[in-house]
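Welcome, and please take a moment to turn the model around before reading on. We will walk through it together, step by step.

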Amino acid sequence: EFRRVLFRSENLEFYFDVFELGKWFDFENLVYDNGTFPGKPSPDIFLIASQKLNLKPENCLVVEDAYS
């Protein structure tokens, strides 16, 4: 089974609708910076994503879309 989560920092609804991301992602599994945890380089957003997927972080693969 392949589980996916998507994270984005802003304009969630825009990207989800325009790129029809509902084909691949569940809107409930979006992880985004809501200001309640530190941003990068802190790993918090990745740890939250692994929790949503009910996976250990070491069993996850992250694909980054920006140089950081």
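What follows is a short tour, from the overall layout to a few side chains.

First, a word on the ground rules. This is a predicted model, in which local features need pLDDT of at least 70 and side-chain atom pairs count only at pLDDT 80 or more, while totals for chains, interfaces and linings use all residues. Residues are numbered from 1 along each chain as its sequence is written, and side-chain values use heavy atoms, with hydrogens and water left out.

Let us begin with the layout. The protein chain has two helices and two strands, and from the N terminus on they come in the order β-α-β-α. Helices here are DSSP runs of H or I with at least four residues, strands are runs of E with at least two, and both are numbered from the N terminus. Of the chain's 68 residues, 19% count as buried; buried means under 20% relative accessible area, exposed over 50%, and partly exposed in between, using a 1.4 Å probe and protein chains only. The accessible surface comes to about 5600 Å², with 53% of it belonging to carbon and sulfur atoms. Such areas come from the Shrake-Rupley method with a 1.4 Å probe, and for residues only the protein chains shown count as cover.

Now look at the aromatic side chains. The whole structure contains three aromatic pairs. Rings of Phe, Tyr and Trp (its six-membered ring) pair if their centres lie within 6.5 Å; planes under 30 degrees apart count as stacked, over 60 as edge-to-face and the rest as tilted. Phe 14 and Tyr 15 make an edge-to-face pair, 5.2 Å centre to centre with 80° between the planes. Phe 16 and Phe 27 have ring centres 4.9 Å apart and planes at 85°, so this pair is edge-to-face. It links distant parts of the chain, since Phe 16 is in helix H1, Phe 27 is in the loop between H1 and E2, and the two are eleven residues apart. Phe 16 is buried because its relative accessible area is 12%, whereas Phe 27, at 34%, is partly exposed.

Ring pairs also join Phe 14, Tyr 15 and Phe 19 into a cluster. Phe 19 sits in the loop between helix H1 (12-18) and strand E2 (30-31), and its 48% relative accessibility makes it partly exposed. Together with Phe 14 and Val 18, Phe 19 forms a nonpolar patch on the surface, with about 310 Å² of accessible area. Patches are made of residues with over 30% relative accessible area and no salt bridge, with like charges joined within 9 Å and nonpolar side chains (Val, Leu, Ile, Met, Phe, Trp, Tyr) within 5 Å.

How many salt bridges does the structure hold? There is one, between Glu 20 and Lys 23, whose closest N and O atoms are 2.9 Å apart. The term means a side-chain nitrogen of Lys or Arg within 4 Å of a carboxyl oxygen of Asp or Glu.

Our last stop is helix H2. Its buried residues are Ile 45, Ala 49 and Ser 50. These cover an arc of only 135° around the axis, so they lie on the same side of H2; the arc is that of the directions from the helix axis to the C-beta atoms. Ser 50, in H2 (residues 44-52), counts as buried because its relative accessibility is 2%. Not counting residues up to four places away in sequence, Ser 50 touches Leu 55, Lys 56, Pro 57 and Cys 60, where contact means heavy atoms within 4.5 Å.
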